Amino acid sequence: MRKDTGRIFRIEDYRPCDYTVPAIELAFTLGADETLVTAQLTLERREDVPEGAPLVLDGDELALVDLAIDGKTAAPGAYEAGPQGLTIARPPSARRFRLTIRTRLDPARNGTLMGLFRSSGVWCTQCEPEGFRRITYFPDRPDILSVYTVRIEADRDAAPLLLSNGNPVERGDLEGGRHYAVWHDPFPKPSYLFALVAGDLAVVTDSFVTASGREVALAIHVEHGKEARAAYAMDALKRSMRWDEEVFGLEYDLDVFNIVAVSDFNMGAMENKGLNIFNDKYVLADERTATDADFANIEAIIAHEYFHNWTGNRITCRDWFQLCLKEGLTVFRDHEFSADMRSRPVKRIAEVRTLRAHQFPEDQGPLAHPVRPRRYREINNFYTATVYEKGSEVVRMIRTILGPDDFRRGLKLYLERHDGEAATIEDFIRAFEDASGRDLEQFALWYHQAGTPNIAATSTYDAAAGAFTVEIEQSVPPTPSESRKRLMHIPLAFGLVGPDGRDIEPASVEGATVENGVIHVRKRRHTVRFGGIEERPVLSLNRGFSAPVTLAMEQSGPDLAFLARNDGDLVARWQALNTLFTEALIRGYHAIRAQKAASFDDGLIATAGAIAADETLEPAYRALALTVPAETDIAREIGADINPDAILAAREGLVAALAAGNAGIFADLYGRLADSGPFSPDARSAGRRALRNVLLDHLSAGAAAPERAAAQFADATNMTDKAAAMTVLAHRFPGHGETVEALRAFEARHGDDPLVMDKWYQTQATVPGASAVAMVEALTRHRGFSLSNPNRVRALIGTFSTMNQTGFHRPDGAGYRLFVKTVLDIEKRNPQLAARLATALRSWRSLEPERQEAAREALTALAAPPDLSSDLRDIVERTLA
Ligand code: B3K
Ligand code: ZN
């Protein structure tokens, strides 16, 4: 593994490489134990670089076999090669020359899951961001674009399937039961997009005819016997391809498109040119094994990786500081796709929830960084919610500011101008400025400045003057290494909701630029005066979550309840009820901490009941509305001196009050939503199940016995209903006979299906309370548990540490001790996974003092080993700083 060197990479140090690599030929000889790689690089010295400038190539844990320069074996003194790099001090003076590098790899022992590794016997690669240097010596940086030709040779029985990027050119048999295939990718690409897969897999095929009439052969490769479970992914792929043509005018550009599903993968999936590699969790689904959430994730991730073909692959990043250039934009594109495939408001609410749950804590804690960071120690730690999700929000704001037409023109200009190039955020912004004639300089701070801006707003109505005045103030809190912040351009969509529930159009506006229902906040303070307002309106601000900010609005309970029932913007309407829930929970929390009972307002309970019963709202929307903020959401809103036990108690109190106050409505609805007819994963059917399962949880909170959940578990004909019932049993009725039996039956039925069993681990990892630690510890010794399968580790340890607030943050530190031991074990083989897990401690300073001390000890223990990887060292040191 890559040990920490302490080196910091800075954006201002960027300079182009002295040599480019216009072409590379790779030959892989795959063997049971070792793999031999021959790389033939065509190198070209840049015009402005003097003859003989040293050539420095990256490597990571490499073993060189031999090296030839222009076909002649190089003498050992002609170069310096070590595991971490190769330097030729005096390369040939000709502008162009060739290097032939042979390296020997041991994929079976590569636990990092970077470079070439084996997963369930399948050879596969992961090169982003710096994995290619684990295969051969290379200038492994995204601004080096090369044309790849790849020959793969392997045993025919072990690997009937031989895949790489681009189009297939040739294949044939060899002596001794071996065979080979040659692939050529005509599109120059950075090394991080290289991929190879070899193994014995089943295939599902289909085809797609592009808008211009080219036929593309589509294939999804999965483990034998799992072919039927790839049907939904194939359907999602074809819908993605059509959608990108229709919405963005972007067509696929190769003859084939391959997707491979593997079971050991550090991330969701990877967009390698023409050969996407997926965590099988995001490919395989059918009603008996996958939940509706799994189906939705598959649709989104298949689309995301496919969309990268243009935003990421055809136009890539100049350096890794520009990661959001491809990720933020591609997340925005996949969000839009899902919104078109499903329900737009429901999708938007889900995005807001995700952003708040994952990005806000990052932005508000020790790991905060700008959407485009300026420095990093380990780039793998920058595949963050800030780069991805906030990066997407920034693109969305550009559309809000420019309007859809100029936005489309700007994006088209960016794609045309930079096709085949490695670009920067400046290039991206310039395209929108050029297409729209607008100045985005102040707006660009969203890329450069970390931290979640806060908007404070108040409003007053002057009936005599017919004026409604809104006071808005922006502030950006300090973040690590950025103590002083500049004022941002924040687009706030809004509405003035009249007593009849309709928006009032003001006759005049003063105090800020207001365009198309958006207030453009650019100064510290704005006093926006709306004239010609005859009745007192209620302000609906940040509609559609137009800006990723925290909002502190002085709004009365009745006004919020009014918005929750009437706001024409469904996202803002959801927000109003959510704010009411949050405020009630925080009051309950403080009451509990003061040893008093929490009580909940009848009006709020009735509002929630009315929304549950409102048949004009789609079920998926009602499910979101009735979902009480999670413990982590409440903790984030409280902000400091957190006691997770009191949060859990407050939340349980509210859920029980909702159930008690609406028992009739909930039970009736639960009965009427029962599934009838054949299963369909479509959004409408999924929405009905989602609502029914939220109701099951609420009704069970008010029930003395687990009958309803046990019956649903027994009767369920799909995994969504079954897993939901199992979770309600485990969380609300721990230790009950029905719960024990359900967990046993689930394991007996699905014990040999890892993806399904992950749900079983997750359910138990989230059982609230102090006893979870012992249970999770026992599960680490369960025969199905393995530290080398990232999905399993995330299901148990990742879920426990991020979703089980009362168990993980036990005041005696027992949760942390189990966590530290496991993370350090994982670090030895897979540092990237260990570092990702360690971010669970990032909000430790917001805990109450006793837990804070225990967390500090845990972080100190994580930092203690002398030879930590750069991945874990980077996270732990920043978290402790
Ligand atoms: N680009 C990859 C992520 C690579 C992560 C490397 N640690 C998947 C994606 O965002 O589409
Ligand atoms: Zn991506």
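Tyr376 is buried, at a relative accessible area of 9% (buried means under 20%, exposed over 50% and partly exposed in between, with a 1.4 Å probe and protein chains only). This is a predicted model, in which local features need pLDDT of at least 70 and side-chain atom pairs count only at pLDDT 80 or more, while totals for chains, interfaces and linings use all residues. Residues are numbered from 1 along each chain as its sequence is written, chains are lettered from A and ligands numbered from 1 in the order in which they are written, and side-chain values use heavy atoms, with hydrogens and water left out.

On to the rings: there are 31 aromatic pairs in the structure (rings of Phe, Tyr and Trp, the last by its six-membered ring, with centres within 6.5 Å; planes under 30 degrees apart are stacked, over 60 edge-to-face, the rest tilted). Tyr376 stacks with Phe9, at 5.3 Å centre to centre and 25° between the planes. Phe9 belongs to strand β1 (residues 9–10) and Tyr376 to strand β23 (residues 375–376), so this pair ties together parts 367 residues apart in sequence. Strands here are DSSP E runs of at least two residues and helices H or I runs of at least four, numbered from the N terminus. Phe9, for its part, is partly exposed at 28% relative accessibility.

Tyr148 and Phe194 make another stacked pair, with ring centres 5.9 Å apart and planes at 20°. Tyr148 sits in strand β12 (residues 146–155) and Phe194 in the loop between β15 (178–189) and β16 (196–199), 46 residues apart. Tyr148 is buried at 1% relative accessibility, and Phe194 is buried at 0%.

Nitrogen atoms of the ligand lie 2.5 Å from a polar side-chain atom of Glu128 and 2.8 Å from a side-chain N or O of Glu271. Glu305 places a polar side-chain atom 2.7 Å from a ligand oxygen. Taken alone, ligand 1 exposes 340 Å², and the protein buries 93% of that (Shrake-Rupley areas, 1.4 Å probe; for residues, only the protein chains shown count as cover).

Terms used: A polar contact is a pair of N or O atoms within 3.5 Å; within protein, one must be able to donate a hydrogen and the other to accept it, and residues adjacent in sequence count only if both atoms are side-chain atoms.
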